[in-house]
Every structure is written in C-alpha cells, then in structure tokens.
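Try each task before you read its solution.

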Amino acid sequence: MATDYQLRRDIVRFGAMLHSLGFIAATDGNLSVRLDEGRILVTPTGMSKGMMTPSDLVVVDMNGRRLKGKRQVTSEIGMHLLIYRMRPDINGIVHAHPRTATGFAAAGMALNQPLVCEVVIGLGLIPLAPYGTPGTPELAATLEPLIPQYDAILMANHGVVTYGSDLQSAYMKMETVEHFAQIALVTHVLGQQKPLACEDLEKLVAARRRYLGVNSAAPMPVYAGMDDLGTKRRLSPSSPPARTLLTTDAESYSSAKISPQRRIACHLVVILVQEIFDIHVGGNA
Ligand SMILES: [Zn+2]
C-alpha cells in the first residue's frame, strides 16, 4: 500500500512527464489519486504541473472541501469527484491537452475507428463528450453518460481525461490516446483507413481479460459511429449489424482513388508531422 508521500511523489513525477511530452502547457492539466473512501489528493490550480513539489498538492474531501494544503485546488475538481463517485474501481485520474488528441476533439471527431489492435484491447473506442465550460458543473455533466463504460474520453474543444486503477495506469492511457491519435491522423492524411474486421474485434475483446490491468468495459463492436454531437449511438436490433457498418467504412476508404500528386503531397505531410513530433519530443527530453 503506497503511503501518502509516495502518492504525492507519483503525482509530481507524472505531472513532469506530461509537461516534458508537451501534453500540457503553462498551468494546464490536473492529476489526482484516491487516498481512501473520503479523501482525494489532487493538483493545485494556477501552477505548472511540470514544476510541482509534493507539498504543493491539496487534499480534499468527496465534496471538494480542502482538508490539507496551502494552495487552491484545481478548478476541475468536480470532474475528478464525479469519476471517483461513479467508478469505485478508479484510484487515479489524469487530465491533459495532448495536441493531436485535442486536435481531434477540437475538430469534433471521436477516435472511434478500430485501427490498432492494442487500443481496442486497452480502451475500445475513445468517445467524444460534447463541450462543457471548464470549471463548471456543465463539464462534468457532459462526461457523465460516458464514464461508466470508458476509461478515456475526448472532451470537445478542450482535451482528454483518462483514469485507471492507479495513477500510472491513468497516465499510460493518456499516452495511448495521444499515440493512437497520431496514428489516426496519419491515416487521415493518407486518405485511407482500414478498420479491423468485426470477427477480429470480437477476438480482441475476448482477449482483454488475459491482459493484466485491462478492465475496460468499452462495448465493442456493439457500438459503431457517432452522431453530429459526437455522442455514441447504440445500434438498435433493427440497425444493420456492426460488421456491415465497419466493412462499409473500410470499403469506402480503400476504394477512394488517390492521384499520384495527392499521394506525394500526403507523403510530405506525413514526414512533416513526424518531424514536428520528433523536434518537439526531442526538444523537451
Ligand atoms: Zn483542461
């Protein structure tokens, strides 16, 4: 069982990692851990999460009232408390603004195509919650319908929140979301996406329980597609089977004709995107 001090050091360490990867800028982002049934250890507002010390953190009760610490608690405490209340299995939460995943969120696009097998195993789909004003109950309300089944959520025009059985698990999911967003972006640039077939999705979902630490309840492939608000729509018994939808998506992408000029342009964009990522990560290492 980790001590209070070890958990403080974990938050400081993962905050610094988020900052070094460029997942947060200035005073963005927040992290928290559940200390016990009635107390949450959480980052303060108005401070770089790359420059914290263990004593900067704040302890609050399940109503967000400060119990310990000199600084003011993050304005997003309502979102953290909602997740802890709804998910007793969750003990760590990370909120950040990684640029590619946040770009998808700002474009109104969920990461809802099953393109990479490991992401299907670990997270399933990554849905997009409608926009809610930060620091208000509106934000938590937009996440509420998605929290029971997903461990990673895009927040429209804002960022990403991930959570897990401990803080490390939550942090890893944030890395996975951003990495997957970069891969999805490259497929968009290339003009083709080939989602996994329904049979393969079923095998991957069945394989989840063999992977240590994976407890995602994301219901793939029962769900497919998003409406205009980015809200998941459930396939009703009268809807076409998920296989039909996914296959249709794959066929429509793969049958798209790409001119030689477009292919070269896409190639150049991919190289440019890669260099931007390399320069950024290298510059902060
Ligand atoms: Zn934010």
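**Exercise 1. Find the residues of the largest nonpolar core that touch the most other members.**

Step 1: Look among the 40 residues of this core. A nonpolar core is a set of buried Ala, Val, Leu, Ile, Met, Phe, Trp, Tyr and Cys residues joined through side-chain atoms within 4.5 Å; buried means under 20% relative accessible area, exposed over 50%, partly exposed in between (1.4 Å probe, protein chains only).

Step 2: Leu18, Leu111, Ile126, Leu154 and Val177 touch the most other members.

Step 3: Helix 6 (167-190) is one of the elements that supply at least two residues each, and helix 6 gives the most, with eight. Helices (H or I, at least four residues) and strands (E, at least two) are DSSP runs, numbered from the N terminus.

A note on the model: it is predicted, so local features need pLDDT of at least 70, side-chain atom pairs count only at pLDDT 80 or more, and totals for chains, interfaces and linings use all residues. Residues are numbered from 1 along each chain as its sequence is written, and side-chain values use heavy atoms, leaving out hydrogens and water.

**Exercise 2. Work out which residues coordinate the zinc ion.**

Step 1: Donors are N, O and S atoms within 2.8 Å of the metal (3.2 Å for Na, K and Ca); water is not among the atoms, so sites may look incomplete.

Step 2: His95, His97 and His158 each coordinate the zinc ion through NE2, at 2.0 to 2.2 Å.

Step 3: Their spacing along the chain is H-x1-H-x60-H.

**Exercise 3. Decide whether histidine 158 is buried or exposed.**

Histidine 158 has a relative accessible area of 12%, so it is buried. Histidine 97, at 22%, counts as partly exposed.
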